[in-house]
Protein chains: 2
Amino acid sequence: MRQVAIAGIGQTSVDEHWDKAIRDLAVEAILAALMDAGRQNAEALFVGNMMSGIIDHQNNLGALIADWAGLRSAEAVKIEAACGSGAAALRAGLIAVASGEVDSALVVGVEKMTDQSGHDITAALATAADADWEVDHGVSFVGLNAMIMRRYMYEYGWKHADFAPFSINAHANALHNPFARLHQAITVEDFEKAPMVATPINLLDASPTGDGAAAVLLLPAEKVTGGKRPRTLIAGSASVTDTISVHSRRDPLFLKAAYESAKKAYAQAGIGPEDIDLFELHDAFSIMSALSLEACGFAERGQGPRLGLDGETAIGGRIPCVTRGGLKARGHPVGATGIYQIVEVVQQLRGECGPTQVEGAKIGMAQNIGGAGATIVTHIITAD
Amino acid sequence: MRQVAIAGIGQTSVDEHWDKAIRDLAVEAILAALMDAGRQNAEALFVGNMMSGIIDHQNNLGALIADWAGLRSAEAVKIEAACGSGAAALRAGLIAVASGEVDSALVVGVEKMTDQSGHDITAALATAADADWEVDHGVSFVGLNAMIMRRYMYEYGWKHADFAPFSINAHANALHNPFARLHQAITVEDFEKAPMVATPINLLDASPTGDGAAAVLLLPAEKVTGGKRPRTLIAGSASVTDTISVHSRRDPLFLKAAYESAKKAYAQAGIGPEDIDLFELHDAFSIMSALSLEACGFAERGQGPRLGLDGETAIGGRIPCVTRGGLKARGHPVGATGIYQIVEVVQQLRGECGPTQVEGAKIGMAQNIGGAGATIVTHIITAD
C-alpha cells in the first residue's frame, strides 16, 4: 500500500448558514481544499454525512456534491457512521488512494442542521443510538451520555465542576479559530451555572450543533512535495465498533472501540501515546473527553478529569487537546466533525495556529466517535 | 492489488417482513453468506442501505448490524448511493480486501420499506433525486423516469407495448426464484391494462418495493478453493457519476455513467459486451432496461426494446437479463438490490438456477443504478 499525504485542506465556518444549501457548504470546503493543494480535480469523492436523508430530504449525496463541484464522472459515495461519518469517509478515501484504486481522492464531511427545530434535530441525532432498544424507550442521545457521566461520577468520585477544564480549554482555543461556532471564553462559574440539558450534562458540557463542511485532498505521498510547508502523511488509521447499545457493554465506562482503534493506529505509526503532540478528541460531551483520554492511554481508568484539572490538556500541557476549539466550541456539524479534526491537525503540523500553536508539533491524533462509543475511528497524522 | 473471490452468498426473500426489524433481515443474509462459505466471522462489514435514517429512524447501521451479527470489534460502515447503495458497498468491500487492508469482508445490502405508507415511501425514494431542483418542483422519482420514457418513445417511435417483453421476462424468471417478491406470470395484455402510475409508466413497468437483505463474503482469491463449485471472482468493478438532475444532462436518453462504468469494467476484465453470458441490469422501470442495454454496448442507441421483442433478453437469448426476476419481479428493496444482483450472478456461475439457468455461464455482469442514472456501478464476475 502506498503512503498517502493530505495535500490540501478546506473548511467553512461552523455557523447558521441559512443562505447555503448542503451542496453549497460541501463545495465551498472542496474548492478551498483543491486551491490549497493547487489542484483542480480529483478522481473520487467520499462524503461523510449522517442525516441528509432526514434533514435535507437528500440522499445520493455523493453524486449531488460531485455534480455541484464539477467533478465530472468521478466515483462518489456517501459514508455514514453517525457522528463518526467524517473519519469513516476519510478511511474510505485513504484505502482508495493507498491501494492505487485511484490516484486522488477528495473527502468532504458536511452537515446542515440549523434549519430544523430543536425537536427534529434531537430525533435525528438519536438515530445514532439503537432505535429499538434505546430510543424507543424514551432516551435521547444526550440522555445516554448523561447516564454514562452520572455513573462515572459515582464510580470515581468526581464532581461536576471537575469537568470544567475540558470546556474552558475548548472555548479558550476557539477564540483564535476564525471558523469556530463559539467565540466566547468561559469560567468555572459559567460552567456550573449553565442551563441543565440532561442531568448532569448542562449546556456547557455539550457541544453545539451547526452547519458546516470540511474537506481534504488525498494524494499518494510521492506526488506531493512539501514546498514551504511540511508534508502531512496519514501514518495510522483504524476503525473499530463496539455494541451500539450502551447497556450491552460489559463496562459502559470504558470506550473499548477507542482503545482498540488507537492501539491499531499506534502500531501502524510505530509510536505510543507518549509520542502524540496534540489530540483532537471527540468532546461531544465533557464526559467523552475523559473517557477518550483514558481509552487512548493518556490517563489511568477513572482519572481523565485529572489531566484537565492539572492543565495538561491545554496548549503547553502534556497532551494539548481540541486545539482549535473541538466539538465543544468549534462546533459539531455531526458528519463533518471528523474532517474538521483532520484539517485542524494539519494546521497544527503546518504551524499555522497562531496563539494556539503547539510548538514543534510533528505528530497529531484525531479520534471521531459515532454513537455513544459504538463506532470509533482513529487517525494519526505526521509531518515530515 | 489481490484478486478477490466471492466466497459466500446469502439472501432473505423479498417480501413484507412485518415480523423482522432491519437488523434481523441483515443478519439473516449475513449468516447465510457465512454458512455458505463455511466461515464464522469477517474482519469488516460494509452495509449498503439508502433510507434507514428516514424509515427506520436508525443510522449508525454499520455498528448496529455488526453488533447484531456478533462481529465483535469489526470495522463497519454504511455506504449510501441511493438505489445504487448495494453495489457501492460491494466496491468498498472489494477495495478493502484487494488492497490487503483486511483479509475478509462481509457486504450486506438491506432495506425495510413496507412498514410505511406509500406516500412516505414515495417521499423517501425521491431523496435519490435533486431535492432542490427536481423534487421541490413536484416531481416524484417515478415521474422523472416517466418523462425519460415518454421522450424516448417520442424520439425513437416505440409504443408502450414494445417494452412488455422486459417485464414479461422478469416475471417468467421470478417464477423459479424462491426469494422473489412476485410469483406471477404476465402477458402483453396484462402489461397494457395495468393501472397507470405516471404516464407512460404503469404498474407493470415499475418494480415493486419490499423488505429484504442480501449478503456476500469477500476473501482474497488465493484463500478460496472451489471445491465442488467454481470459484467466483470479481474481474471488473467501476463506479461513475453523472449529473444528479436529469435536466442538466446533454442527452437525458443516454446513461453516460453506465457507458463509462461498463467500459472501465470491461477493460479491467479484458472482455467486451459480446463475452457477457448474462446481465443483471437495473430494471427499476422498463425504460431503464432499454437504456442500460444501449449504454453497455448490447444495442444501438434507441434500439434497446428490439432486444426484448426479439427474445434476446430471455433465457436462451443473446444476452439473458434479470435471470432471477430482476428488480421488476424479484423486487427492489432499494439499498439491497445491488447485492441481490451479485448473489444472482454467482448462482448462475455456480449453475444453481434450475429452469432459468444460463447454460455454461462463465461471465456475468451486474449493474446497479442510484438515482435516475446519477450513480452507476458495474461489476463483472467470472467463474474459474
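Me: Let's start with strand 10 of chain A: how many of its residues are buried?

Reply: Burial first needs a cut-off: buried means under 20% relative accessible area, exposed means over 50%, and partly exposed is in between, using a 1.4 Å probe and protein chains only. Helices (H or I, at least four residues) and strands (E, at least two) are DSSP runs, numbered from the N terminus. Here, 8 of the 8 residues of strand 10 (residues 363-370) of chain A are buried, so the strand is mostly covered by that definition. One ground rule before we go on: this is a predicted model, where local features need pLDDT of at least 70, side-chain atom pairs count only at pLDDT 80 or more, and totals for chains, interfaces and linings use all residues. As for bookkeeping, residues are numbered from 1 along each chain as its sequence is written, chains are lettered from A and ligands numbered from 1 in the order in which they are written, and side-chain values use heavy atoms, with hydrogens and water left out.

Me: Which residues sit on each side of strand 10 of chain A?

Reply: One side has Ile363(A), Met365(A), Gln367(A) and Ile369(A), while the other has Gly364(A), Ala366(A), Asn368(A) and Gly370(A). Both faces are covered, with all of these residues buried.

Me: And which strands does strand 10 of chain A pair with?

Reply: The rule is that two strands pair if DSSP finds at least two bridges between them. With strand 9 (residues 278-280) of chain A, the pairing is parallel over 3 bridges, and Glu280(A) stands opposite Ala366(A) there. With strand 11 (residues 375-383) of chain A, strand 10 runs antiparallel and is joined by 8 bridges; Ile363(A) faces Thr382(A) in that pair. The hairpin of strands 10 and 11 has 4 residues between the strands, and Gly371(A) takes a positive phi near 75 degrees in it.

Me: Is His57(A) buried or exposed?

Reply: Exposed, with a relative accessible area of 51%. His57(A) also turns up in the list for Thr127(B), where contact means heavy atoms within 4.5 Å. Not counting residues up to four places away in sequence, Thr127(B) touches Gly53(A), His57(A), Gln58(A), Asn59(A), Asn60(A), Met50(B) and Ile54(B). Thr127(B) itself is buried at 2% relative accessibility, and lies in the loop between helix 5 (118-125) and helix 6 (141-156) of chain B.

Me: While we're in chain B, how do I read a covered helix, such as helix 10?

Reply: In general, an α-helix has 3.6 residues a turn, so residues three or four places apart point the same way. In this case, helix 10 (residues 286-295) of chain B has 10 of its 10 residues buried. Those buried residues pack against helix 6, helix 7 (164-174), helix 9 (256-269), strand 9 (278-280), helix 11 (304-309) and strand 10 (363-370) of chain B. After the helix comes Gly297(B), with a positive phi near 90 degrees.

Me: Why is strand 1 of chain B called largely enclosed?

Reply: Because 8 of its 8 residues are buried. Strand 1 of chain B runs antiparallel to strand 7 (residues 212-220) of chain B, with 7 bridges joining them. Take Gly10(B): its bridge partner in strand 7 is Ala215(B), and its relative accessible area is 4%, which is buried. Leaving aside neighbours within four places in sequence, Gly10(B) has contacts including Ala29(B), Ala32(B) and Val343(B).

Me: What about peptide bonds: where is there a cis one in chain A?

Reply: Look at omega between Thr199(A) and Pro200(A): about 5 degrees, a cis bond. Pro200(A) is in the loop between strand 5 (196-198) and strand 6 (201-202) of chain A. In chain B, the bond from Thr199(B) to Pro200(B) is cis, with omega near 5 degrees.
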